Amino acid sequence: MKKKNVRKLVSERHGSCPENGYGSWRLMQEMATLQGNSEFQHLKSQRSMMAKGKHQKDGSGNPNTRPCFYKIMVPTNQTRLRIPPAFKVQLPNEGTDRVTLRSPCGYWDVKLLHEKREIYFAEGWQDFVRHHSLSRAEFLLFNYNGKMSFDVVIFGINGCARNYESAAKSGQESASSFTSTFPFFRHSIKRCNLGSRSTLIIPKAFSRIHLRPSRQILILQNSEGISWRASILVTSSKHLSVTGGWKAFSDDNSIKKGDICIFELVEQNTMRVHIFR
């Protein structure tokens, strides 16, 4: 049976796609049956084990038996994503204001929104959606590692897991095609740009035209407009180096080796940083 006909049949039986999570397991099970997809049997087994309380609350143990939940991408999930109510027992009762989402493309820090007894992935979620180019009807599996950390597996509408080599190539292509009316420069993150003593050298061709050749304050902004205060120092080779505050920015935005950062000078001594993973 063609996928289009499967979705039409399920839609006729259940109406429009219900709130995703545990509540729509019956719908997903029926879609799997209609499509002859045996892949869903593993997910069914995981869900059954969770219901029987065989998972530890902190998510430790064999990775194949970690607590998990799934979501189907629908328009309302583009801006924020609701955690299924039944999954909340897996999370700590306190200190649950942020989570880390991990995929082969990197790490994303996401703020939790508590609203009317519901919990949502909120600030930072749109960044995750944008970087992974998530589209309607794609399937996301969230495996809980404990300590407010999730591994996210993304399945396309063809039922297969995403090819992350293609995703990485897409991110590099996006960085290469970036344009702006503001001055900017690109930098591929290296090991020396990360860690406790990390710095980032500004290309001389850029600094000579757009920055003063002296020590100064620099404001770094991420794509959400959140700001970090950093410093620019002059090195012995007369380069300008971003230091003090750069580590906090790179840590808070989960920047890792191989990422491409574009530094866009939107105001005097204020740079908006676009991160391509």
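This is a predicted model: local features need pLDDT of at least 70, side-chain atom pairs count only at pLDDT 80 or more; totals for chains, interfaces and linings use all residues.
Leaving aside neighbours within four places in sequence, which residues is Asn269 in contact with? Counting heavy atoms within 4.5 Å as a contact, the list for Asn269 reads Arg212, Gln216, Ile217, Leu218 and Ile219. Numbering runs from 1 along each chain as its sequence is written, and side-chain values use heavy atoms, with hydrogens and water left out.

Asn269 sits in the loop between β13 and β14 (270–276), strands here being DSSP E runs of at least two residues and helices H or I runs of at least four, numbered from the N terminus. A polar atom of the Asn269 side chain lies 2.9 Å from the backbone oxygen of Ile217.

Strand β13 (residues 260–267) pairs with β8 in the antiparallel sense over five bridges, where pairing takes at least two DSSP bridges. Ile260 in β13 is the bridge partner of Ser188. On β8 (residues 184–188), Phe185 and His187 make up the covered face, and Phe184, Arg186 and Ser188 the uncovered one.

As for nonpolar cores (buried Ala, Val, Leu, Ile, Met, Phe, Trp, Tyr and Cys joined through side-chain atoms within 4.5 Å), the largest has 25 residues, with Trp125 and Phe142 among those with the most contacts inside it. Elements giving two or more residues to this core include α4 (125–132) and β6 (139–146). Apart from it lies another core of 22 residues, including Phe185 and Leu218.

Notes: Buried means under 20% relative accessible area, exposed over 50%, partly exposed in between (1.4 Å probe, protein chains only). A polar contact is a pair of N or O atoms within 3.5 Å; within protein, one must be able to donate a hydrogen and the other to accept it, and residues adjacent in sequence count only if both atoms are side-chain atoms.
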